[in-house]
Amino acid sequence: MAGSSSGSQAAGATAHVDTFARDRLPAPAALPEFIFELPELRFPPCLNCAGALLDRWVAQGDGGRIAVQGHGGVRWSYAELQARANRIARVLVEDMGLVPGNRVLLRGANSPMLAACWFAVVKAGGIVVGTMPLLRARELATIVEKAQVSHALCDERLAEELELARPQCPALTHVRHFNGAGGGEAQALETLAAAKPATFTNVDTAADDICLMAFTSGTTGVPKAAMHFHRDVMAACACWPPHVLRATADDVFIGSPPLAFTFGLGGLLAFPLAIGASTVLVEKATPDALLPAIAQFKATVCFTAPTSYRAMAAQVAQHDLASLRKCVSAGEALPAATRKLWKDATGIEIIDGIGSTELFHIFISADEAHAKPGATGFVVPGYRAAILDDEGRELPQRCGRVGRLAIKGPTGCKYLDDPRQASYVRNGWNLTGDAYLQDADGQFVYQARTDDMIISGGYNIAGPEVESALLLHPAVAECGVIGRPDEARGMVVKAFVVLRPGHTGGAAMVGTLQEFVKQTIAPYKYPREIEFRSSLPRTETGKLQRFRLREGA
Ligand code: 3UK
């Protein structure tokens, strides 16, 4: 299947001495079909993405350009970032005994030092296992066990939970801390690194050697590890960024998603460095921290989630955002009301895009000129998209019927030893778990997660559409809509609403909001129940946890 019209990739010899990850790739028949139609996607057999993202700039004489900035006045050029990564790579290999293919857990909030550690692991042929800063010992232990992590580089300030996990983690034998308070800790990574030469010869990995494992819990259940090759990182850099984002080497990237989340790894590390631009890595990027950081660093390109744009829109006036020119939203559907709030506040049309951990980054998106409120956009060059019916057949293009979104491209789902590979990949397609339609203009319009569709009184109702309607009401700050099981109707539409300051919940507000929804979308979709909350359950990446709302209902 793969190969014929779509081209294939010449295979290089693996550099992995430790073949744990390679041995646990899905069987060939369980892999998605890969397509490499764009000429930029012909990769050499041997490829280390750290060389392509970082070393190449120094080699071509651009080592003096600023690569990464952070709080505390950190401003590293490409040459400085390279020197730091090289020294840490030496610590990994010479002091910590790393061999190519070993898994290295990285634990830290976004920071320049975390970026240096990421490159160090990749240069040394290791496999980065990123972890979200808020994870607890139990979750860390699950990851270490599943990925058989042998090494960890951990921010000193987040060391406690990792130490608590260690008794359950016999595989984890080498741990070093970084970003310490500056005390005389003898084993600090910075101290060890400072004693090393600033040179390192990258391990000559095959383009299809694995360079990272991204853990995804989805909304429930045991975490899955989506594995990506060196070539996948470069493929992502060659598709959405040049065709949709179109940033330049003079841009300064900033945003909130952690580097452990592929949305953040692409948007805040790989994409800026692939074009010789600079990135700002700040540890705290909540809406009230991100706005002043944009002003301070004169950032030009921002990556964050829809709820963050919504919260920031209200505070824009207090900050100088004159530098900002491009804003990217992903992780959840972007409600039309949020797009408008941000545009009214800043003049900037948000670039929405749907991506996934399994596909590494964005595969459907629209640039500013093609942004259509309520739609995600067009398939990104390099990818193909289809909408499948319940039998797995492709619906006619632009027919407007709702089905399952299916994607193929140069990247795709490769879970580490996981039976759920068979649910994400069917007949060569990656099934993202989203219900979508394609409208007459060719734009893909998000409906809901397939398991979040509400079927009430025989109607299919997409919770996010009801949420979008509620968000148009000035009293609504945030909301989440689910189906609550009901004897008579199968399910009833139930909304959980967080009100803006100055508004109070109660029967009158319930009636107002219900009437408002009936006036905005088809009346049968209105929420029969509304419950007021002070906040909604969200993941660390900003996704609404509808399953927790369902449990509560
Ligand atoms: C949902 C969206 C509507 C959708 C991600 C950009 O979110 C990312 O990865 P995850 O694995 O989740 C994937 C799922 O999230 N989703 C994401 N973006 C949108 N739904 N509109 C959107 N714009 O359900 C998808 O299947 O956490 C996003 C880049 C890299 C990523 N990993």
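## Around F119

Beyond its neighbours within four places in sequence, F119 is in contact with A50, L53, L54, L81, A85, L269 and L273. These contacts come from a predicted model.

## Nonpolar cores

F119 belongs to the largest nonpolar core, which has 127 residues. Along with W118, L153 and W240, F119 touches the most other members of that core. Helix α4 (residues 112-123) supplies 10 residues, the largest share of this core. At least three residues come from each of domain 1 (1-44 + 228-443) and domain 2 (48-64 + 77-204).

Another core, of 23 residues, lies apart from the largest one. Among its members are A285, C302, L334 and W342. In soluble globular proteins, nonpolar side chains tend to be buried together.

## Domains

The domain assignment divides the chain into domain 1 (1-44 + 228-443), domain 2 (48-64 + 77-204) and domain 3 (457-552). Taken over C-alpha atoms, the centres of domain 2 and domain 3 are 43 Å apart.

## Helix α13

W342, one of the members of the 23-residue core, is also one of the buried residues of helix α13 (residues 336-346). A337, T338 and R339 in this helix are buried as well. Which elements cover the buried residues of α13? The cover includes α12 (306-313), β12 (326-329), β13 (351-355) and α15 (463-471).

After α13 comes G347, which has a positive phi, near 80 degrees.

Key
Residues are numbered from 1 along each chain as its sequence is written. This is a predicted model: local features need pLDDT of at least 70, side-chain atom pairs count only at pLDDT 80 or more; totals for chains, interfaces and linings use all residues. Side-chain values use heavy atoms; hydrogens and water are left out. A nonpolar core is a set of buried Ala, Val, Leu, Ile, Met, Phe, Trp, Tyr and Cys residues joined through side-chain atoms within 4.5 Å. Buried means under 20% relative accessible area, exposed over 50%, partly exposed in between (1.4 Å probe, protein chains only). Helices (H or I, at least four residues) and strands (E, at least two) are DSSP runs, numbered from the N terminus. Domain bounds come from an automatic or database domain assignment. Contact means heavy atoms within 4.5 Å.
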